[in-house]
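User: I am new to this structure and would like a short tour. Please begin with the terms I will need.
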Amino acid sequence: MKPLLILNDLHIGVKRSAGTTPATQVALRQSILTRLRELLDAAFCADEAKDVLILGDLFDEFTVELADLWETLDIFASWLSTSGSRLILVRGNHDWSPKADRLSSFDLLASCLQRMYYEQVSIIREGMTLISKQVFIIPHMPNQDLFDMELDKAIELASSVQAGVPLYLLTHCNVLPPACHGQRDHSLNIDMDRAVQLTKHFTILNAHEHQHQFHNIGRGIYCLGNQIPTSVADCMAKGAAQSDGIKYAHEINDQGVVKHPVWDAINEFSRIDWRELDQPIVDTVKFVRIEGSALAEESSRAVDAIARFRNQSDAFVVSNAVRVEGQEGVEDAAAATFEGLKSFDVLEALLGELNPEERMVIELVMNDGPAPSPAVAKFLEGVEA
């Protein structure tokens, strides 16, 4: 089989508010695109050219900025025209919305690429799909019941395959989630019972979770983790299995599943005590977690020090994990303030300053509503006069 390189959870167009400045928000978004181009170039320049599969969440939102969409189109178009390889795009939960009343960025990109490179581009949006005799793919489904139906189809079909042929199931969901995940439509799950059932037939390669991990169940479950970090949380190892601080792109070939290191926390991630923020950090560090503890009376000094560092740093994201005596943390207070600002309705506050008749007029104009009543029309005449 031709080698298949799997990338996932790229979250192009991401807009981080916490821990960033306007300049670093733009730099982060551009960095994701640059790294995607580098990963595709590496796949083309390898000893053996690879097909590429994006296993969900290509974009961070249902719709992203047009600049990000068009550059993504340019990156894939350039790679497709040069490599001659195949590109498979799989729908993830960020690429779909239950309330969608317009075309998503994912679907617009997919349509453009298919029209330009019909024989090279495949899009997987609905249901279980085989891209070869060995590779089964299930995209994000609208709910858990539909997802379970597709898993059943995969098991049924796998049962008819000749014994000894390695089979791979590619999914985008939570694997072995804690009970608190529940069965929410937007968060699909493979629990332990399902995992045991599936791995009798398949090696599973799963996206959606941003930390890589291997579950030694049956034929094995690879939680791929993402290849391009977009947050401090993406950089932090979770458990002994992730202690290497490396992110991988995974490849399926004749030898099985092969991991290629593509990112190293040693070069790009740093933890700093807030009392040591005057110490220089290397230019390659792009994600910083500020830690340590502070007395209650030191909290304002800690906040000021972190703000100064954030404004002077070239890091994409500088997060605040300082523990404050008697508080959960400085960041909690800042987050609460930020959420309060986001929920503050400026328009409603302004309308509240008007009398009922004035408010009615403004709302009619805003909503492009029906012709005003005679009383309102008379009032409008007075305003115009």
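Analyst: A polar contact is a pair of N or O atoms within 3.5 Å; within protein, one must be able to donate a hydrogen and the other to accept it, and residues adjacent in sequence count only if both atoms are side-chain atoms. The model is predicted: local features need pLDDT of at least 70, side-chain atom pairs count only at pLDDT 80 or more, and totals for chains, interfaces and linings use all residues. Residues are numbered from 1 along each chain as its sequence is written, and side-chain values use heavy atoms, without hydrogens and water.

User: Which side chain does the side chain of Glu 298 make a polar contact with?
Analyst: The partner is the side chain of Arg 275, at 2.9 Å.

User: Is Glu 298 buried or exposed?
Analyst: Glu 298 counts as buried because its relative accessibility is 12%; buried means under 20% relative accessible area, exposed over 50%, and partly exposed in between (1.4 Å probe, protein chains only).

User: Where does Glu 298 lie?
Analyst: Glu 298 is in the loop between β17 (293–294) and α8 (299–312). Helices (H or I, at least four residues) and strands (E, at least two) are DSSP runs, numbered from the N terminus.

User: Changing topic, which way do the residues of strand β4 point?
Analyst: In β4 (residues 121–124), Val 121 and Ile 123 point one way, Ser 122 and Ile 124 the other, and all are buried.

User: In what sense do β3 and β4 pair?
Analyst: Strand β3 (residues 87–90) pairs with β4 in the parallel sense over 4 bridges; two strands pair if DSSP finds at least two bridges between them. Leu 89 has Ile 123 in β4 as its bridge partner.
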